Amino acid sequence: MASGPPSGEDVDMDAFIDQFKEKKYKEGFNEDNWEEEFDKIPMFMKKAPEEFDPLEHPELACIQTILYDEDQSPEDLAKTYKNEGNHYFKEKNYKKAVISYTEGLKRKCNDSELNVILHTNRAAAQFYLGNNRSALNDVIAARKLKPNHLKAIIRGVLCHIELKNYSKAITWCDDGLLVEPNEKQLIELRAKADKQKRVEERNLRKAKLKEKKERVQAEALLKMIKERKIKLFQPPELSSRNSDDDGDDKDDDRTLRTLFDGINSENGIVVHLDENGNLNWPVLFLYPEYEQMDFISAFHEDTRFIDHLSVMFGENLPSWDTEKKYVPNNLELYFEDEQREDLFQVDPVCTLRQVLSHDRYVVKAGNPRIIILVRGSSFSRDFLSGKKLQAN
C-alpha cells in the first residue's frame with residue numbers, strides 16, 4: 001500500500017527532531033551532578049529549603065498546599081505535622097520539630113493516641129533544647145491521656161533528674177516499672193536518681209551544720225562585742241526595714257545578721273575570736289595625703305597602735321613615702337565620727353580595744369578605720385582645718 005505525502009504536523013515534528021542531529025543537548029544529568037539536580041526537584045528533595053519563595057518554587061508550594069489543606073480532617077492534619085516534626089527531629093532541628101508538633105496539637109483531633117505521641121515527641125525536642133520544664137509539662141499532659149505510656153514516663157524521669165526533683169524521678173520510675181518491670185533504662189535511671197538524692201540530702205545536712213556553726217560563732221562574737229560596748233554600724237536599709245521594731249532584741253538580731261553575713265562573705269576576712277577568746281579585727285589605716293591605705297587582717301584587740309606602726313614604718317618605708325617622713329614617732333592618728341563630722345585624736349600607745357570602746361566610735365562595714373597624718377605637715381594642717389577636733 002503506497003503511502004501518501006507527509007502531513008504538515010509530521011513535517012514540523014521531523015524538522016524539530018532533525019535539529020538535534022546538529023545540536024547536542026547539554027542540559028542533561030551526568031554522573032557528577034545528578035544528585036545535586038535531583039535535589040532541586042520537590043518530589044526528590046532530601047531536605048526542604050529553610051525558607052522559600054512560592055514564585056521561585058511553585059512545585060514545592062503546590063505540594064505544601066496539598067499536604068496542609070485545611071479541608072482535611074484534624075486527624076490527617078495532625079498526622080502530617082507529626083511526620084514533619086519527626087523529620088525535623090531526625091535532622092536535629094529541634095526548634096522546628098517543636099513548631100511542627102505544636103501545629104499538630106493545635107488541630108485538636110479526637111485521636112488520643114496521636115495526641116499522646118505529639119506531646120511525648122514535643123517533650124523530647126524540648127528536652128534536647130534544654131527546656132526541661134516545658135518538656136515535663138508535655139509528658140504530664142501525655143500521661144493524663146495515657147497514664148502508663150512508657151516513653152512519656154521515661155522522658156519525665158529524665159526531666160525530673162535535670163530539674164533535681166529526685167524524689168519525683170524515683171516515683172515516676174516506680175510507675176514505669178509497674179508497667180515494664182524489666183525496663184533497663186528505668187532501672188538505671190532509678191539508681192541514678194536515688195544516688196543523687198542521697199548526695200543532695202548529705203550536702204543539705206552539711207550546709208545546715210555549717211550554718212549552725214557559723215551562727216554560733218556570730219552569737220559568740222556579738223556577746224563579746226556587747227561586753228566591750230563596741231557599736232557596729234547598721235546600714236540604712238536595715239534600719240528603715242525594721243524601723244517599727246523597738247527594743248534591744250531587734251537591734252541584736254540586726255547586728256547578728258550583719259556578723260553572720262560577714263562570716264559567710266567570700267573573702268572570709270571578718271572579726272573573729274582566737275583560741276583565747278580575744279577579738280581580732282580587720283583594720284584599715286588610711287593615708288589621705290597620698291590616697292593610700294594599709295590593711296591589717298587580724299589586729300589583736302589588746303595590741304597597741306604603736307606596735308604596728310613600728311613594724312610598718314621601720315627600716316623599710318613604703319615606696320609612696322618619697323620624702324621619708326612617715327616615721328612612727330612623727331605620726332598622728334585619728335578616727336572620725338561620720339555622723340557628726342568630728343575627728344578624735346588617738347594616742348598611739350592605746351590598744352585597739354580602748355579605741356573601739358570609745359562612746360563615739362562606730363565600726364563601719366566590719367572594718368575599724370584609722371586616719372594617719374604626719375604631725376605638723378602642710379597637708380595635715382589643711383586636712384584638719386575643716387574638721388571639728390574633739391578630745392579623746
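The legends below describe close-up views of one predicted model. Residues are numbered from 1 along each chain as its sequence is written, and side-chain values use heavy atoms, leaving out hydrogens and water. Because the model is predicted, local features need pLDDT of at least 70 and side-chain atom pairs count only at pLDDT 80 or more, whereas totals for chains, interfaces and linings use all residues.

**View 1. The protein chain as a whole has 15 helices and nine strands.** Helices (H or I, at least four residues) and strands (E, at least two) are DSSP runs, numbered from the N terminus. Of the 392 residues, 34% count as buried; buried means under 20% relative accessible area, exposed over 50%, and partly exposed in between, with a 1.4 Å probe and protein chains only. Contact means heavy atoms within 4.5 Å. Among contacts between residues at least 6 apart in sequence, 57% join residues at least 24 apart.

**View 2. Strand S5 (residues 331-337) pairs with strands S6 and S8.** Two strands pair if DSSP finds at least two bridges between them. S5 and S8 (residues 369-374) run antiparallel and are joined by four bridges; Tyr-334 has Ile-371 of S8 as its bridge partner. S5 and S6 (residues 342-346) also run antiparallel, with five bridges, and here Glu-336 is partnered by Leu-343 of S6. Four residues lie between the strands of the S5 and S6 hairpin, where Glu-341 takes a positive phi near 60°. Six of the seven residues of S5 are buried.

**View 3. The largest nonpolar core has 32 residues.** A nonpolar core is a set of buried Ala, Val, Leu, Ile, Met, Phe, Trp, Tyr and Cys residues joined through side-chain atoms within 4.5 Å. Trp-281, Phe-285, Phe-305 and Ile-372 touch the most other members of this core. The elements that each supply at least two residues to this core include helix H10 (184-227), strand S4 (292-300) and helix H13 (305-312). Strand S3 gives the most, with five residues.

**View 4. Helix H6 (residues 112-128) is largely enclosed by the rest of the structure, because 12 of its 17 residues are buried.** The buried residues include Leu-114, His-119, Arg-122 and Gln-126. They pack against helix H4 (74-90), helix H5 (94-106), helix H7 (132-145) and helix H8 (150-162). From first C-alpha to last, H6 reaches 25 Å, close to the 24 Å expected at 1.5 Å a residue. At its start, a side-chain oxygen of Asp-111 comes to within 3.2 Å of the backbone nitrogen of Glu-113. Gly-130, which follows H6, has a positive phi near 85°.

**View 5. Arg-228 is found in the loop between H10 and strand S1 (231-232).** With a relative accessible area of 12%, Arg-228 is buried. Apart from neighbours within four places in sequence, Arg-228 is in contact with Gly-277, Leu-279, Glu-301, Arg-353 and Ser-357.

**View 6. Cys-159 and Cys-173 are both buried.** The relative accessibility is 1% for Cys-159 and 0% for Cys-173. A search of the whole structure finds zero disulfides, a disulfide being a pair of cysteine sulfur atoms within 2.5 Å.

Definitions and conventions
Expected span 1.5 Å × (residues − 1). Polar contact = N/O pair within 3.5 Å; in protein donor to acceptor, adjacent residues only side chain to side chain.
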